Each structure stands twice: as structure tokens, then as C-alpha cells.
Amino acid sequence: MKQFLFKKRENRPSFLDSVANTCLAIAMAIIVSIIFILSLGENPISVFEFIIRGAFRNTSSVLEILAKSTPIIIIGLGVSIAAATGMTNLGGDGQFYMGAISAAIIGIYLEAPVWIVWIAAICVSILAGGIWGGFAGFLRATIDTSEVIIAIMMNYIALFLIGFLVSNPLQAPGGIPQTRAIPQIVQLPKLIAGSRAHWGIVFVALLALFVWFVMNRTVFGFQLLTIGKSAKAAQYGGIAVKKLSVTSMFIAGGFAGFAGMIEVFGTYYRVLEGISSSFGFTAVMIAILARYRPLGIIVGSLLISTLTVGVNSMQIAVNVPTSIVTVIQSVVVFSILVMPKIRANFQHAQRKRLPPDEREES
Amino acid sequence: MLNPANTILEMKGISKFFDGKPANDQIDLKVNEGEIVALLGENGAGKSTLMNILFGLYQADHGEISIDGKVVSINSPLDAIALGIGMVHQHFMLIPAFDAYENIALSISGKRNGLVNHQVIREQIKKHSIQYNLSIVLDTIVQDLPVGLQQQVEILKALFGECRILVLDEPTGVLNEQEKIKLFSSLKELKAAGLSIIFISHKLDEVLDISDRVVILRKGKVVDSVTTNRTNKEDLACRMVGRDVVFSVKKGPRLFDNKMKDRVLEIKNIEVHGKRNTQTIKDLSLTIHRGELFGIAGVDGNGQSELVEALAGLRHVTKGKIFLNGNEITNRSSRSIKQMGLAFVPEDRRSMGTIASYSLDQNIFFRNSDSKTFRKHFGQIDKKKLHMLGDRLIKDYDIRIPHRDMLVGQLSGGNIQKVILAREISSDPVVLVAMHPTRGLDVGAIEFIHTRLLELLSSGAGILLISTELDEIISLSDQMAVISNGKLSRPFRPDELSLSQIGLLMGGSDEEACR
Amino acid sequence: MSVLLTRDFLVSLFAAGVRMSIPIMLPALGEIYAERSGILNINLEGQMLMGAFASFIVGHYSGSVVLALLAGALAGMLQALLMATACIQWKTQHVVIGIVLNMFALGFTSFWYRVVFGVTIAPPMANVSGGVSTPVPLLSNIPVLGEILFSQHFLFYIAIALVIVSRFVFNRTFFGLKIRSAGEYPLAAETMGVNICRTRYLSMMICGVLAGLGGTFLSVLSLNRFVDNITASRGFIALAIVIFGRWKPLPVFFSSLLFGTMDAFQLRLQSVGLNVPYHLLLMLPYLLTVLVMIMTSKNSKSPAALGTNYNREAMTDT
């Protein structure tokens, strides 16, 4: 039992309860999507079949799932670290862009051995994303502005900054608003030639393990979690609340920046507008869904990516818009958030009806 | 007088449970027209719970309430107000950001949503305040008013609801002597006008002074009901407490005599600002020697919180200096102050002193997370060592914890306080600052904590004890002082002044008046 | 540069600024109600989006401005009710649930737009005759001022009326007192007979209606079509404006005008063909929001209970 002592992060319901909640949430999502699909005049069963078949139709589609989930997992892991101190990092997209562009600049202009280029690109992308995220965290910690609104504004600022850079000073010849490609030698190798999945996914697994270790085993992780539980108590405990809160947002931003680097070096080899399709928002959703646990973030990202790949391939056969993924995703997360409260309300109402003697037991 | 014809309120068999524990247990209460009934009882006797049930803030689990002989159901304050029940809460129920006028207007809003007729309401306020001799400052934001005036607003607000039964929950706790006299004269005025008043208090003199009848509560039960002019202070005290001696632990002979003049804590003329500038510490100084317990008595909210937070490094000190064992600690971080040997038992034991959703080990660790003792390679937490320390503290401090992984929030108040005390004392402090360490605890736990504090003294540490329980301060302190309005009286030995002199100091009178 | 200082340019700039402020002014005004009652309504964006979409559908098929406005208001209100239920009934964290519901609105509108209209090369138009300006008789003849303020879209006049009404509601009515008390100290308010749940629900409904109208202006009245994420974070800008305007209708009105003008300025500069990269101009409103939030938050006095759920039973403390 000693080993599990620190695993108990919150006064959460028992394992069975959380399984029940998740099942209810997924059931809700399925019901909603059945309603949506029915109103399209399609057969839900065959649509689901198409989605699953589409997602697992061949090796390349499976690898596509891995490729799609790579950046989301990395950003989601970062989100979970910010969430430990009570911050919501909704700025993943902006941080991703800043990481991507700075990594691309290194990739294009730094002429050095591959390893050095990689390490430099990783460091610079983490720094760029970290500053972008840390800024929002800094304002929250010092002057108590909403880090959510600042982060969303910073997303747009990054978006337009990238738009400016790829259509002006960094534009590749040819008129398309994009940078030059990074040299082939520094590109991350593919898992299987011809697919979109690359070795970046291995980083992801290591990173998740690392995050788990830090949050569950180390003093640093403990301090972050303590701040999130009660900033007042943490301060009394001698924990540097402000400094660590900003740090947690810096790390979250750094993760998103690193995701940008991975995408540039592994998938696109250059930066163009629209390289992030709201990864940041998706990552926050999944992190909430996973209750900020690394393994849950991996599983959740894979599930959502499966759904996306499946729906994408199905769209050719059946006319169901891809945005159904967004709907399903939000319905699941909404239900996950709301379900325990509804059940608690229900139980509370039931308990109230019991006479006092029996209640003492419960 | 006990003619049932003019019984206005009757509460029958009221029971209320919190987490399975009875706060009210089969309580019966009758109030007649034009009568002042005092509800007397110690902290936690269930007085406030009963009144919150009457006012619709809580729902009783059992029992019924009837007004004018008719059984009523009170599900919200709205119902209570409609039935003519007004309440002056212990913690004022006023909107701090509103002025008095807006607060009173809000209180009569009821089901109305339309226009506020400024003139009519102002006229009415004027009329009422003259009629009941209340002083109302209309256009100042409530949070900027002195508490006495805030309370007048609170009373007027209750009267505005056309109330026939006025409940006052510990109304004198925050008042100084003059404000108290003013309040009592208002209450007599109201009684003469035919109102029934329920007066909640744990102060015997007040109860004897104002009430017609005293209902005594102990541990959630009514133990007695007596007519005021047939009782006296000693009698009431005995019934209220239900035991002869409140504090059995007395400090022994001083182990460190005056030759050991080591000053462990020295506060020199500090000034501290409170939240929203509510209460400011002005020019406060005190000195604690090795092995000495310095007690600060005073009514809540007179700057105690600001003082201890400043000491612990949680609040900025604007002027003056603080020395711990000769080293200056003014405005240093809470971490370094702790490392230099200042241990701190905060007043809010559930949300500051501990983290409810952490285990015992984690609760010990969050106050020591920077210490090298519990750190392994790669910044890992040494859980084994921590666990051993936890085991030791559980044994030494008799912490009743059903199993080791249980969350501290599920423990009883007494056990939570033991966890905090164990953690703080185990760090071998030079000075321990303890704020309300025994508030709301049962006798056994209080005794235990007092014993531990005295043990710590004998090991040579200094203690600063802050409490609202005068008996506690008097029985434990070597030196004591009274804090009032952010100012500390001159230090004195507990036997130097009489109880009434100390009481006067607490009421804000200056020292000359006590001589 | 001289082209920027001509009378015509300035008049058209400010007139466009006023027009562009409408879709942030209305939601911001609504957000005052929500936040004053204690609910941090991050879902504003979603409510605008729902309003924009519903009004577009109704406008497209009916061709009626009135019906489109009604549909927009209703859709915004329904989305706000969902948010309100999650916060008040189920006591979830306002920020988190707001984000999730924004996502839901985005997916929902995008999905149904494609279901109804499919993927077309020529995007469908709303085609309601409400996009034009309605000059106020007499007042619009005042030089400069008349051209800027009184030759506007009728929603602007409605917005002005709403600002005045809101000011009145908050300062002079029992309803306003109740809203403010619910956002300051709900427990005390309840002891004074205020029904916190009801007050917060009503405030959220008002907010939803105004946000829905803002969305309607964007899709039906201004752009004449609907595109995915048509609101482009205007809901978040409105949130910042509420802070900048210290939760008061009049300052919020003027800050909206400031932001609208900034937006118009950026567009004008592009059309004048000055050699400023347009991406950097697009950035301006967002940069301004960040600056404004840095400048104002230090002395801002937010409602004391903003973003907290009210639970009467949880007030015991022993």
C-alpha cells in the first residue's frame, strides 16, 4: 500500500464510480451522435461500422492515427502540468506555432551536425512556446488576469505573426505562403517509409512516462499539485506559489512548442498557415477527459484521432460532416464533468430521505 | 407570563444532523410575545444551528415549527421573512460592496423586481431609525463602516421586514463597550414595542442583563430553561458548562527563570495592513523569552490574523522589525522563516493548516517539501522516511486515524489539530505561534493540546498563543496582553489584572480606565 | 499618409468603427449581467455562434429580419441556459464548462451547416433586407457626428437603448440590486430574500439573448452568410471589454467603440494600400486586448463572488 500512497491525487470517487461515470458519458455521446446521424437520414450502425473500418482499413490508416495523436498528446501532457497548479492552458495553438516557427528557422538556417540541429531546435522551440505560455501564467500570478483570455489572444497574435513571417521574410520562393523546407537530413525518420507516422511518437511515450514520474514521485510535482489544491495552504507550507505557477505554465507552453517542433521535423518539414488545426483546444478537452493523467491523455488522444481518421475516410462514402467529431468530443467531456454532480445530487436527495439513525452508517 | 395564549413561536423536537452527528437533538423552544429569550451555550452547543433552521438556512431533519399556533414550513430565508422572522447574524449578512441604503432596499425587494423608489425608502429608513433609536449612515459602503454601525444596519434591515421575532446571533462579540450599551438600549426599545427577541450568547453577564428567560443548550440538547430573575451567574455557568473546572491543565512553575533572558521572538513597532484595509496593526511590539508562553487575548477580528500572518511571512509588514532568535525575519519568505525555526498553527485548520484531500504523510510533507531529509535522487520523495515519521507522530500524539491512507479531511477536528500540532512541534521550533489551537474541540482534545504546549515550553521554545478563550490564556500564559483595534495593551502577568479589567481592555477601553 | 487625414477617410473610418463595434458591444453588455450575477460566462463565444447560425438558417429560409433576430436571440438564450444549468444546477467550474460548451457550439453549428447546405462552391446567402443602415431623420443631417453615429445600422440604436436601460436596471431597480448582490455575497443576499438560482438564471438568459443578437449581426446582417467559427473570438474580446469597462454599461459601451474603431482602422489601412503587412494589422485588436487587460486588471473591482458556485448547505464550518 505504501507505494500507492501518493497516487491518490484527490478525494475522487472509487474506481468503480469513475468507470461508471465514463461509461455514462460515452453512452451520452453515442446517443447524441445517433440522433445526429439519424436526422441526416443515415443508418447509425452502418456509419459506426464505416468509421471503425475506415480507421483500421490498413497499416497506413493506423499509422495516420498515431501521427495525428502525436502533437495532441504532447500538448495535453503540458496542459495537465498547468492544471496541477490550477491554470488552464488554452494557448496550446499559439505556443505550438511559436515552437514550430522557431524550430523551422533552426532547421533551415543552422548548418551543423544533425544531432546538434535537433537539440538546438528542441531547446529553441521549448523556449519559444514556454515564453508564450509563461507570459499568460505570469500575468495570472502577478496581476490576476484570466490566463484563459490572455492565452486565446496570444493564439491569435501567434497565428498572425506566423502568417506574416511565412508570407514575408521567411517565404519560400514560389508564391505560396510557407517557409522553405528543412533539409532532408534533419527530418525525423518515418516509422514505415511512405506513412505519415514518424519516430516522434517514441518521444511521446517517453515524455508521458517522464510526466507521470515527475507528478507522482518528485517533490516538484508534489509542490505543483499542492498549489492546485489550496494556494493558501501551499503558501503556508513554504512553497513558492507564484514562481511555480508561472513555471507550470511555462512548461505547458514548452510542451506545446516542442509539439510544434515535432510536427515540423516529422510531418510537414516546413511551416505554413493552418499547420495546427486547433490542437490546443482538443488537447485541453482530452486532458480534462483523462483527469490530467498521462496514460489517460494517451488513450484519449488515440481514441479521438481514431474517430477523426475514421470519419475522414467515411465522409467519402457517407455524407456525415467531420465536425461530428467535435460534437462527440464535447458531449463526452461535458457529460464527464456533469455526471458526477448529477449523481451526487441524486444520492444527496436520496440520503436526505433516510431517517437520521440509518444515515449515520452511510 | 407563560400564558400559552400569547405564545408566538414554538419549535418542537427539532433535530439536525451533520455528517451523522447531531448538532441539534430534540430541541423544544417556546417564545412569547414581547419577551427576550436568551439562548445560552458554549461554542458548538447548537445555538446557531437552531436559529439557522428557524431562519430557513438549514432544514431540520426532524421536528416542527409553529407560529401563532399554526405549523409552518420554512424552506428558505424568504419564507422566514414572510413569517415575520428577522435575524441579525453573527457574521453580518450585508453586501460589503453596497451602501447601507442599498442593503436595506435589497432586503425589502422580496418578490419585487421593478423600480426602487429612493425617496420612499429613505423616508422609511429615517422613520424607523428614529423610532428605534438606531444610528444609520446611509451612503457609505458598508465595508468601510465600523462594525458597530454595520450591526445597526443589520438590525434595521431585519426590522424593515416587518418582523415580529428578532433573532440576534452573538451580537456583542464584535462590539466595544459603548456599542454594546447602545445595542442593549435598542433592544429594550424593541421589546417595549412588542417584539419577541431571541438573543444568542455565551456571555453570562449579557444574558443576565438583557433577557427575561434563559434557555440553556449543551451539546445540542436543551438542558434547562429558567426565568432570569430567579438565577445568578454562578448557577448559569454551572448549567452551561456542566462541569466544574473548564481548564484542568495549568502551567507549572517556570523552568527557565529570569536569568535566562534569551529573547526568542522580538517584535518592534510593526505596522501591518489587513485585507481591504479592514484592520491595521499599529505600532505593535512584544518580546518572548525562552521557555515563555505569551498569550494574546481579544475579541476576534481585532488584528490577530494580520499579526500572525505577518509573523509567518504571509503578509507584508510596512513598518517595524521582527527578530527570531536575534535574526531579522521581517518580510522574509514563509519558507525561510519556517526554516529559521518559527512553527505556526494557523487558525483555519481545515483549509490552511491541512489539505483535506491529502493523506497524513502528504500533510506532513507539504510543510517540509523543501527539506533535504525527505528527498532522494532525481528529486524523488523519500516516502519511506516520511511514512516512518508519520507512524511516530501518530503514536506520540495519539492521532486516531482508522487507516494510514485515509484523507485528513475525513478526520475529526481534534485529530486534524493534532496532526498540525504534531507536524509543527516535530520541526523543533524556536518559537511556536498558535492561533485558536483549541477552538471548537472537545475537553479531552483541549487538555491534550494544552499539555503538549506546556511540554514544548519546557524544552526551551517560546510560544505565542492567540485565543479568544480568556480562561485558556489566563491559565497557560506567563505573560499576556490584550489586542483591540490592532493595538496591543502593555504585557502583564495573568494574575496582575482582574477579569473585569481584562474585559474592559478587550472592549477597547484604554489602560487608564482599568486602573 | 495624407490620405489618412482627410475628412472623408476619418468619417468613414469612425462610421465603420461604430458598425464593427456592434457585434462585440451587445455580447459585452450581456456579459455584464452574467458576471454581475456571479457567473463567469466564458461561453459567450458559443452563445454568439449559436445565435449567428440559427438566425442565418431562419433568415435564409424566411427572408425576414425580425424572424432572424428572434431566432438568433432564442438560440443564444438556449445555449446560455445550458451553461447556466451546468453552473447553477450541477455546480461545475465555470471556465472549464464554458470552454467545453464553446467547443460544442463550434462543432454543432459546423455540423448542421453542412447537413443543411452541403458543401457548395457558392456559399448560400441569408438575403434578408436588414443589412443596410437606417439614418435617423434630422439627427443624421448633423455634419460628421450625424454621419458617424446616426446613419447606422438599427441594431446600433437598439444597443444604445440597451446601454441606457441596463444602466437604469443596475442602479435603480430591485432586479438590478438582486443581480449585483448575487455576484457579491450570495449567502447574504439569500438571507435578504434573494433567490440566487433564479437571479442567476435570468441574468444568463439576458446575456444569451444579447450574445445571440451579436451573432445575428455578424452572420445575417453584416456578412450575409455563415462560415465556421464566424465569431473569431469576438466573444473573448467582449469578455476583456467587460473587465476594461469595470462591469459598467457606459464604460463598456465606449470600450466597444474603441475596439470597433481599431478593427475598422486595420481594414481601412489595408484598403488604402499602405505598405503595412496586413497580418500585423489583423493582430491589432488582439494585441490591444492583451494590453488593456494588463493595464486594467490591477485596479479592477470584479464582483466578489464571480466564478464561484453558491452552495447554501456548505456554509457550516465546524
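**Confidence first**

Tutor: This is a predicted model, and chain A averages a pLDDT of 86, with 92% of the residues scoring at least 70.

Student: Where in chain A is the pLDDT below 50?

Tutor: Over residues 1-12, a stretch that still has 19 contacts in the model beyond near neighbours in sequence. Residues 354-362 of chain A also stay under 50, with 9 contacts beyond four places in sequence. Where pLDDT is low, the predicted coordinates should not be read in detail.

Student: OK, the contact between the chains. How many residues come from chain B and chain A?

Tutor: Chain B gives 31 residues and chain A gives 27. On the chain B side, the elements with two or more residues in it are β1 (7-18), α10 (334-339), α11 (349-353), α12 (360-365) and α13 (383-396). By class, that side has 10 nonpolar, 12 polar and 9 charged residues.

Student: β1 of chain B, then. Which sheet order is it part of?

Tutor: An open sheet of 4 strands, β2-β1-β4-β5 in chain B, with antiparallel pairing. The edge strands are β2 (21-32) and β5 (70-72), and the twist averages 25° from one strand to the next.

Student: And how many bridges pair β1(B) with β2(B)?

Tutor: 8 bridges, in the antiparallel sense. Phe17(B), for instance, has Pro22(B) in β2(B) as its bridge partner.

Student: Which helix lies across β1, β2 and β4 of chain B?

Tutor: Helix α1 (residues 47-54) of chain B, running at about 115° to β1(B).

Student: Switching topic: Val443(B), which helix is that in?

Tutor: α15 (residues 443-458) of chain B. Val443(B) counts as partly exposed because 14 other C-beta atoms lie within 10 Å.

Definitions and conventions:
Residues numbered from 1 in each chain as written. Chains lettered and ligands numbered in written order. Predicted model: local features only at pLDDT ≥ 70, side-chain atom pairs only at ≥ 80, totals over all residues. Buried ≥ 20, exposed ≤ 12 C-beta atoms within 10 Å, placed from the backbone. pLDDT = per-residue confidence, 0-100. Contact = placed C-beta atoms within 7 Å. Nonpolar A, V, L, I, M, F, W, Y, C, P; charged D, E, K, R; others polar. Pairing = 2+ DSSP bridges. Axes fitted to C-alpha atoms, helices over the stretch in contact; angles between N-to-C directions.
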